[in-house]
Amino acid sequence: MTSYDPAVRARRRTALAVVLCAGLTAALTACAEEDPDKGTNGVGKLTAAQIDKKARAAADASDAVRLTGKLVSKGGTYSLDMQLSAEGGTGSVTSKQSTFALLRIGDELFLKADAGFWNHATDNAAEADEEGVRAADKLKGKYVKVPEDDPTYKQLRGFTEKKALLDGMLALHGKINKGDRDTIGGIRTVQIMGGKGEGGALDVSLKGTPYPVRVARGGGGGTVTLADWGVEFALEPPPEDDTVDYGGQLPKSSG
């Protein structure tokens with residue numbers, strides 16, 4: 001027999017409301033606890049050390065990469081825009097004094113800069129070194145083949161060496177810890193750090209191959225973005241009429 005007692009009906013409505021609220025709470029909790037690694041490469045579930053190992057392995061295995069950003073060292077601050085592969089590299093480097101282009105194919109290294117780069121740095125332009133003026137006239141806007149025994153060859157080549165540059169850049173110092181997740185250039189990432197970040201920080205892709213996406217070097221050593229992993233690019237010698245083989249040691253430059 002159905003009861004029409006108002007008090008009974010009120011209790012039933014209250015019970016129904018409790019059930020609905022409990023169901024809604026459970027649904028919201030389930031949403032909140034949804035796997036954050038769903039749709040990713042699963043790297044975010046690994047330990048910081050494992051992520052570091054996988055990111056380095058991915059970088060080593062890739063045929064090519066593009067680096068853009070700043071490196072800070074005792075020698076100064078350099079802005080990079082370089083494409084690198086195992087065979088060489090091409091791009092530009094900007095220092096405090098000037099911007100110059102670099103091209104390396106195997107052991108052949110070419111440098112291209114304007115007249116200001118080749119002129120000796122002086123407080124008075126009228127006192128510019130005579131050799132510097134002659135060199136600037138001859139070398140400005142040309143690809144200059146850097147002799148392998150020139151003191152600057154090793155330093156300049158370092159900007160074009162994929163393995164050496166990445167080995168130093170991706171190294172984290174101190175105990176490696178996991179940081180926050182982020183989205184960089186539309187790519188979801190997980191961060192690992194040396195210490196609390198003072199030993200450097202590395203953002204690793206959570207999509208596809210776990211490539212390094214961005215690195216912040218410890219001690220204010222600059223931040224560099226890494227992209228175009230595995231994307232081939234042309235490495236071709238410059239035209240002969242646009243190339244100067246200086247022969248001996250390059251003249252001192254303002255760069």
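This is a predicted model: local features need pLDDT of at least 70, side-chain atom pairs count only at pLDDT 80 or more; totals for chains, interfaces and linings use all residues.

Biologist: In what order do the strands form the open sheet?

Modeller: The order is β7-β8-β9-β10-β11-β1-β2-β3-β4-β5-β6-β12, which makes 12 strands with mixed pairing. Strands (E, at least two residues) and helices (H or I, at least four) are DSSP runs, numbered from the N terminus. Two strands pair if DSSP finds at least two bridges between them.

Biologist: Which strands stand at the edges?

Modeller: They are β7 (176-184) and β12 (243-245); each has a single partner strand, so one side of each lacks a neighbour in the sheet.

Biologist: How does β7 pair with β8?

Modeller: The two pair in the antiparallel sense over seven bridges, β8 being residues 187-194. T183 stands opposite R188 in β8.

Biologist: Which strands does helix α2 touch?

Modeller: Helix α2 (residues 48-61) packs on the sheet and touches β7, β8, β9 (201-205) and β10 (212-216). Its direction makes about 60° with that of β7. Contact means heavy atoms within 4.5 Å; axes are lines fitted to C-alpha atoms, for helices over the stretch in contact, and angles run from 0 to 180 degrees between N-to-C directions.

Biologist: Now Q191, please. Is Q191 buried or exposed?

Modeller: Q191, found in strand β8, is buried, with a relative accessible area of 19%. Buried means under 20% relative accessible area, exposed over 50%, and partly exposed in between (1.4 Å probe, protein chains only).

Biologist: With which side chain does Q191 make a polar contact?

Modeller: The partner is the side chain of D203, at 3.5 Å. A polar contact is a pair of N or O atoms within 3.5 Å; within protein, one must be able to donate a hydrogen and the other to accept it, and residues adjacent in sequence count only if both atoms are side-chain atoms.

Biologist: And where is S79 found?

Modeller: S79 is in strand β2 and is partly exposed, with a relative accessible area of 26%. The C-alpha atoms of S79 and T94 are separated by 5.0 Å, although these residues lie 15 residues apart along the chain.

Biologist: How many residues lie between β2 and β3 in their hairpin?

Modeller: There are two residues between them. β2 and β3 (residues 88-94) pair in the antiparallel sense over six bridges, and L80 stands opposite V93 in β3.

Terms used:
Residues are numbered from 1 along each chain as its sequence is written. Side-chain values use heavy atoms; hydrogens and water are left out.
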